[in-house]
Amino acid sequence: MKFVSSVSLSAVLGVASLFAAPRPNVLFIAVDDLRPELGCYGVEAVHSPHLDRLAAEGRLFERAYCQYAICGPSRASLLTGLRPSTLKIDEIDTYFRNTVPDCVTLPQHFRQHGYETLYIGKVFHPGQTDDANSWSRRVDLPGKGGYNAGAYMLPESRAIVKRRREEAVARYGPESLREGLGNGPAWEAADLPDSRYLDGRVADGAINALRELKDSDRPFFLGVGFHKPHLPFVAPKKYFDLYDPEKLPLTDVRTPPVGAPTIALHKSFELRSRTLVPTSGPIDEPTSRELLRAYYACISFIDAQIGRVIAELERLGLRDNTIIVVWGDHGWHLGEYGIWGKATNFEVATRVPLIVWTPDMAQPGRSTRALVEFVDLYPTLCELAGLPVPAALEGSSFVAQLRDPAAPGKPAAFSQFPSPALREWAARPLSEAMRQTYFGPIIEEIEARLKAEHGERYDPELFNRYLMGYSMRTDRYRFTAWLDDRDPFAPPLAVELYDHRDDPRETRNIASAHPELVADLLAQLRNGPRGLFREAREGAPVFREAAGDVLPLEDRSRRKWDNAFVADLDRDGRQDLVLTEHGLEARVYWNEGGRFSAPEVLIRGDTHGLAAGDYDRDGLMDVIVYPGGGGGKKPRNPVAFHVSHHAIEGGEAFADFIRTRGRAVKLVDWDGDGWLDLVATGFPMPSQKESGANFLYRNTGDGNFAFAANLPPTPFMGFRAQVTDFNSDGRPDLLLYGGNRIVAVENGPGMSFRNVTEEVFGPLAKTDHVTSITEIDYDNDGDFDLFLTRADYHFDEETAADDEHGRFAYYVFASFTRDVPYQYDLKIKGDFQLENLQTSYPTHDVFVGADARKIEFDVDRHGGKTLRLTAKEAAGWPAVLEQSGHYIGYLGDGMWRLGGKTRSSTSGVVLNVEAHPPVSPKKNFRVMLLENRGGVFADVTDRLGIVLAGRFASAAAGDFDNDGWCDLFLVPEGNPAREHEQLLLHNRQGERFATIERSGIVSGELGALGGGAEVLDYDEDGRLDIIYGNERGRWHLYHNEMPLSEAQNYIVVKVGGSPSGQATELGAVLTIEAGGRVYRRVVGASSAAFSQPANNHLHVGLGRITKVDRATVRWSNGEQIDLEIGEVNRRYSAGSHPKP
C-alpha cells in the first residue's frame, strides 16, 4: 500500500490549534518497555517524582493501549499512524519502509510543514530509524561509546557476556547470538554517575540539542528515546538503593488465567536468555524481588533523566510554547501469570503509560479514563500544532480529552500479537537454532500442549507463522480472538473473554460461559477499524508467475511503453500479445493454446500507441502503430499492418494525417456506422500549441481515414486517452487526461462532439497527474465508473535507496538538447557493482578511472547493462569530463564517484552502498474512484475505504475471484532500489475495497518503475490472469491460481462481429442480468493510456449465481441480439467470427 500527506481539514477548520502562531514545538519522549508503573498511576512503591509532576500539570491517560506489545511494531505503528496489519509487520525485524515505503511518518509530516525534526536515542526501533525521510538530523550522542543499550559497566558483567557469547557460538553456532543466547546478567547496579550509562548520555544530548534550538527561527520536533527499563535492567547503584526488595509488593496473580489457551502465554524466553535467572521452571520469590527492584530502579533512573530534560526546557524559556509527550512503547509482565516480559495480548502487556502536557492545559492534573490508542497520537499532535491531518492515518485525535478529561473516548481499543507461546522472542517464528538450545524441551512441551488442546486443528505452520491474536478492549471487556491471519474471517481457533468489572486482573477466561456475548464481541471485532486485518480471506486470488515455457520473455530489463496489448490478431480464437520495448521494437507473441510462441518483431524503432481492429472490414485484424516524433525533429504518421494467420504484412504510413509527435491511437466507431474511426493524440509541435495535437479521423470505408476535426486541446502532458460511454447512451465518449485537467468529450451526431468537462466532472476536472483511467462498474448498476491512478512526471533528477540491502538508485532527466551533469559520491563495501544501467537514447558510453577508459559491453545498447569494477580498475577521476557519457572512479577509503554528463535520461542502481547522498523527496498523489451518477462523477474513494496515496502507474479491472464483483489490480511506481510488490483491491460487494495480502505478485528487478497492466484469461480456465510491465524493467505474466468453487461461478462470452457483418467486435457491449445485478463488459476495454487493445473474450464473475436471467450483445452500429446462457462456468460465442 502507498501513502502521502493528503489531509483532512478538520484540524484547520473549526478546531484549528490550541495555540496561536507561532507553531508549538514538540518534545517527544519515548521510554522502552515502560508499563504504567509510576507513582502517578497509583503505584506507591515506585519513585518517579518528575513524571508524577508532569502528570499533575498535564493529562494522564489511564486507559491508553499500544497496537503491538513489542518494540519495533509498536513504534512503527505509533510513528506512522497505521496499524500493524497495514504496515505488514508481525515481527521485530520488519522495517516499515520495506513494506509500505511511501507512508509519511509523524516526524516526516512535521518536517514537511517547516519543522526541524531531530532525535537522539531510541525513537524508532534500532536499524529502522528512517533518518533520510523523517529527520532533519540526528543529535550527536555525548561521551564515549555508541548506542549499545545492553552495555554493562562492571568488568565482571562484561566477562560473563564474553564467555557466554563464545560458548553459544561454539555450541549452537553464530545464529544463536541472534536468539539472545550470548546475553549477560539480567540486572547490574554499578556505582557510577548517570552519564556513564547510555540513557544518561541520551539526556545530555537532548539538553545540548535544546540549547542549540533555543534561538532557532523554526519550530522543532525533538524525539528523545530512553532505553530503560528494557532488559538488561542496568542503572546506577543509587537508583537501586531507593528500593528494599523485601518490601516490594509482588503480584499475587502468578499462574495463568483459568481457561486461558496455551497459545496466549509464553515462558519468558527473553528474560531466561540471561544469567541470574533460571532457564526454565518457576522464578522463585527472592529472584522475583530482585527483578522487580531492578525494573523499578531503571524507572527511577529514566524519571531522573526526563526531569533533567524538562528542567532545561524550562530554564531556556522554551516550555511555554512546547508540547510535551511521554509514552512507553508497550506494557510488561512483572510476574503476572508466571510471565516476565512483554509480547502478549493481556492488559498488562498492551496498556501503556501516556502523559501529555500543552502550554494552555485545560483542567491540569485531571486524568482521563477515555479509551485511546497509540495510532491516535499522530493525528492529535497534528491538530495541536495546527497541521493538516493526513487522510491515510488509522487513528483519531484525542484533543477532546485534552480539553475535557471527561469527554468520552473510543468504544474500543485494538491490539494484536502472534502466537506468544511460540513467538515471544522478538515475535519471530521459531528458528531451528532455538530448538537446538536449552529452550528445545520447553518448546516441545508447548507444542505437545497445543496438539492436545486443538486436536486436528493443530497445524505447526499455522501456529508458528500465521496465528494472530486480535484483542479488543472495550469499557468493560477484553476480548481476544486467535485467528488465521490468512483468513481472519474464518472461525477462531480460540477465544478469550475477561470481564474488567468483576475481574480487572484478567484471571478467568469466561468465554465458554457466554457464547452469545462472544458472538457479539467477535462481530464487533470483525467490524473493527480500518487496517485492523490484512483482509486476506479464503478464495482470495493468489497468483504465480508463469514459467518461461508459457511466455518466453527476454531476461533483460528495457524501457516500456504502455500496457501489454491483448488481441486475437490471427483470428484463431485465442488472445495474442504485443509487448513494446520502447525505442527498440514491438514484439508479437502468438497464443498457441495457453502457451505463447517465441516473439516475432512487429515494428522496430520508437513506437508509441497501438490499436487493433478490422478497420477495413475484410475479416482480418489490422494493427495501427503511432510512432514517436524523434524528440520533435521527426514527426511521423501512423503505420498500418494487416495480419493473416501468423503472417504480418504492411508497414506503410497513412498519407493524409497531420504530422505530430504521436502518442495515443484509438480505434472507435464514433459515428455508429459500423466502420472504425480513429482518435489520435500527440505532443504538440510548436505550430500546434494553440490548436493542440488531438485529432479525430473518419473511416472512409476504403481502408483509409480522413481528417474530421481537431479534438479539444488539452494542457501540457494531456495526451492520454480513454474511450468510455460515460453518459450511458450507447455511444463511445472520450476522456483526455494526463496534464493538470481531465477533458470530457461527449459523442454527438455524426462525427461531431461536445466538450462537457464541467458538466461531467465539475471540480474533479482539475484532477492532475493522472497516469491511467480504468473503466469499472464497481457496484454492478450497469454504468461505468472510473478508477484513476496518479504519479508525478519524471522531469527532474531522482534518487532512492534501500539502506537495508545497501542499494542506491538514481535517475537523471535529460531532454536531448544539452548535456546534463550529475555526480554522486558513494561509500561502497567491496567492488563497485552497477545494475540495470539504462539511457533513453542509448548512445552514451561508460568511462572508468582517471584515464576515462571506455568500457565495452557484449549486449545491445537498448537494454539494461550490468558491470562490476575493482578499485584498481577504476582508480581516480578525470580532471575533465571531455565526452558525454557516464563516468565511474574510485577515490580511495571505500569512496567511489559516479557521474557524468548526458543528453539522454539515465538510470541505474549501485549495490553494496554503505553511505550515499540524501535521497530526493517524492511527491505523492491520491488514487481516486469516481462513481458515475447519471453521467456526472462523484468521488467515493474514501467512502469505499480506498486510502492509497503514492505514485501509481496504472490499474486493471477484473473479477479475479469470480465472486460477482469487479476488483482492481494496481501497479505502484515503487522504489527502484527495491523489488516491487503490486496491490490487489478486493471489491467487497460494492460496499468497500480491501487490500489482498500475499497475492504473490512481486517483481524483483532493480532500477525499474511500475508500468502498465492488463488482464486476460490466456489459458481459458475461467480465471483472469494478469500481465504487466515495469518501465526500465521486464514484462511479467501471472497466472491466477485461485481454486474454483460453487461460490465462484463465471461465464465467458467470445464476441465476434455483428450478425450482418456491418460492424466489427471492437466496442461491442455485453450486458448480463443475473441475481438482481447488471454486469456490463465492452470489447477492447482497457486502462491503456495510449493504445486500444481488442480483447473480445468478455469475462463475468457471478459468485454463487447459477442462472442468468438475460444476456444481450449490442454492436457499435446498433445491432443487438439476445444470447441464450444455460450452464455457468462455460464459454459462449456471439456474433460472426471470421475463420483464421
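A search of the whole structure, a predicted model, finds zero disulfides. Cys40 is in no disulfide, and the nearest cysteine sulfur, in Cys298, is 18 Å away. Cys71 has a cysteine sulfur at 10 Å, that of Cys66, but this is too far for a bond.

- Cys71 is buried, with a relative accessible area of 1%.

**The chain as a whole**

- The secondary structure comes to 21 helices and 67 strands.
- The radius of gyration is 32 Å, close to the 32 Å that the globule rule gives for 1140 residues, so the chain is as compact as a globular protein of that length.
- Along its principal axes, the C-alpha trace spans about 100 × 80 × 60 Å.
- Of the 1140 residues, 64% count as buried.
- Take the contacts with a separation of 6 or more: residues 24 or more positions apart account for 67% of them.
- The chain exposes about 40000 Å², and carbon and sulfur atoms supply 49% of that area.
- There are 127 positive and 160 negative side chains, and the centres of these two sets lie 5 Å apart.

- Helix 2 covers residues 71-80, and ten of its ten residues are buried, so the helix is largely enclosed by the rest of the structure.
- Cys71 is one of these buried residues, and Arg75 is among them too.
- The buried residues of helix 2 pack against several elements, including strand 2 (25-31), helix 5 (106-112) and strand 9 (322-328).
- Helix 14 (377-385) is also among the packing partners of helix 2.
- Helix 14 is itself mostly covered, with nine of its nine residues buried.
- Its buried residues include Tyr378, Cys382 and Glu383.
- A glycine with positive phi comes just after helix 2: Gly81, at about 70 degrees.
- Just after helix 14, Gly386 takes a positive phi of about 75 degrees.

- Glu270 sits in helix 11 (residues 269-272).
- This glutamate counts as buried, because its relative accessibility is 7%.
- Glu270 and Leu231 are 39 residues apart along the chain, yet their C-alpha atoms are separated by 8.4 Å.
- Beyond its neighbours within four places in sequence, Glu270 is in contact with His230, Leu231, Lys342, Glu424 and Trp425.

**Backbone exceptions**

- Most residues other than glycine have a negative phi, and most peptide bonds are trans.
- A cis peptide bond joins Lys228 and Pro229, with omega about 15 degrees.
- Another cis bond runs from Leu231 to Pro232, with omega near -10 degrees.
- Pro229 lies in the loop between strand 7 (220-226) and strand 8 (233-236), and Pro232 is found in the loop between strand 7 and strand 8.
- Asn836 has a positive phi, near 55 degrees.
- Asn836 belongs to strand 41 (residues 832-839) and counts as buried, at 5% relative accessibility.
- Ala852 also has a positive phi, near 50 degrees.
- Ala852 lies in the loop between strand 42 (845-848) and strand 43 (853-854) and counts as partly exposed, at 26% relative accessibility.

Definitions and conventions:
Residues are numbered from 1 along each chain as its sequence is written. Side-chain values use heavy atoms; hydrogens and water are left out. Helices (H or I, at least four residues) and strands (E, at least two) are DSSP runs, numbered from the N terminus. The radius of gyration is taken over C-alpha atoms; the globule rule is 2.2 Å times the number of residues to the power 0.38. Buried means under 20% relative accessible area, exposed over 50%, partly exposed in between (1.4 Å probe, protein chains only). Contact means heavy atoms within 4.5 Å. Accessible areas come from the Shrake-Rupley method with a 1.4 Å probe; for residues, only the protein chains shown count as cover. Lys and Arg count as positive and Asp and Glu as negative; His and the chain ends are not counted. The place of a charge is taken as NZ of Lys, CZ of Arg, CG of Asp or CD of Glu. A disulfide is a pair of cysteine sulfur atoms within 2.5 Å.
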